[in-house]
Amino acid sequence: MLRCLFPWRRPVLSCGWCRPHLLKRSLFTMKLQSAEFQSLFTEGLKSLTELFVRENHELRIAGGAVRDLLSGVTPQDVDFATTATPSQMKSMFQAAGVRMINNKGEKHGTITARLHEENFEITTLRIDVLTDGRHAEVEFTTDWQKDAERRDLTINSMFLGFDGTLFDYFNGYEDLKNKKVRFVGQAKQRIQEDYLRILRYFRFCFVGFMGGS
């Protein structure tokens with residue numbers, strides 16, 4: 001089991017509350033070429049990536065799957081982020097004869113496509129315009145860093161390209177190596193946006209970093 005920053009019994013939060021100036025806000029990149037990463041390239045994923053390349057839309061692995069891959073674990077669930085809007089994705093998939101399922105996430109930017117008997121959940125890059133502590137009104141963007149800024153923890157704010165390039169805007173890889181759990185930006189703001197984030201914070205501190213979003 002991975003432990004958080006604290007070897008003593010009573011945890012002290014190490015996050016934006018305490019030391020927000022430590023958050024790095026410049027892009028860090030590196031190449032990942034692991035067996036776990038290569039195992040993701042099923043026929044469905046290959047077809048999906050080829051379709052996005054052909055239509056000149058960027059597509060990357062996002063969030064918890066990136067964290068798992070950097071930890072040497074094959075993710076159980078893989079989420080994808082893209083510069084394509086939901087309407088652009090729908091037009092692209094319809095033209096290619098790709099089936100789309102479960103349209104409930106469309107207003108938040110998520111389209112689920114089914115290729116080669118696999119489901120792929122793809123979400124347009126977003127900015128939170130209005131939050132109420134649980135839900136958010138969003139607008140779409142093509143700025144990867146803006147999307148990273150709205151995520152909860154640094155270890156969940158990274159993206160991974162299909163050539164193995166890691167895109168890390170907030171020192172998430174360093175935090176993952178050092179088993180640190182920190183919010184992106186100001187912890188108070190992140191929690192006010194979605195109160196369940198505090199539960200996720202403690203889950204990563206005491207349960208571990210791998211498996212799940």
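The entries start with the model, then take up the sheet and the helices.

I worked on a predicted model, in which local features need pLDDT of at least 70, side-chain atom pairs count only at pLDDT 80 or more, and totals for chains, interfaces and linings use all residues. Residues are numbered from 1 along each chain as its sequence is written, and side-chain values use heavy atoms, with hydrogens and water left out.

Sheet. I took helices (H or I, at least four residues) and strands (E, at least two) as DSSP runs, numbered from the N terminus. Two strands pair if DSSP finds at least two bridges between them. I found an open sheet of 8 strands with mixed pairing, in the order β1-β10-β9-β2-β3-β6-β5-β4. β1 (28–31) and β4 (99–101) are at the edges with a single partner strand each, so one side of each has no neighbour in the sheet.

β5/β6. I looked up the antiparallel pair β5 (residues 110–115) and β6 (residues 118–124), which 6 bridges join. Ile111 is opposite Ile122 in β6.

Helix α4. Residues 86–96 form α4, which lies across β3, β4, β5 and β6 and runs at about 15° to β5; the angle is between N-to-C directions, from 0 to 180 degrees, of lines fitted to C-alpha atoms, for helices over the stretch in contact (heavy atoms within 4.5 Å). I list Pro86, Met89, Met92 and Phe93 as buried (under 20% relative accessible area; exposed is over 50%, partly exposed in between; 1.4 Å probe, protein chains only). Down the axis of α4, the buried residues fall within an arc of 125°, so they line one face; the arc is that of the directions from the helix axis to the C-beta atoms. Gln94 and Ala95, on the other side of α4, are exposed.
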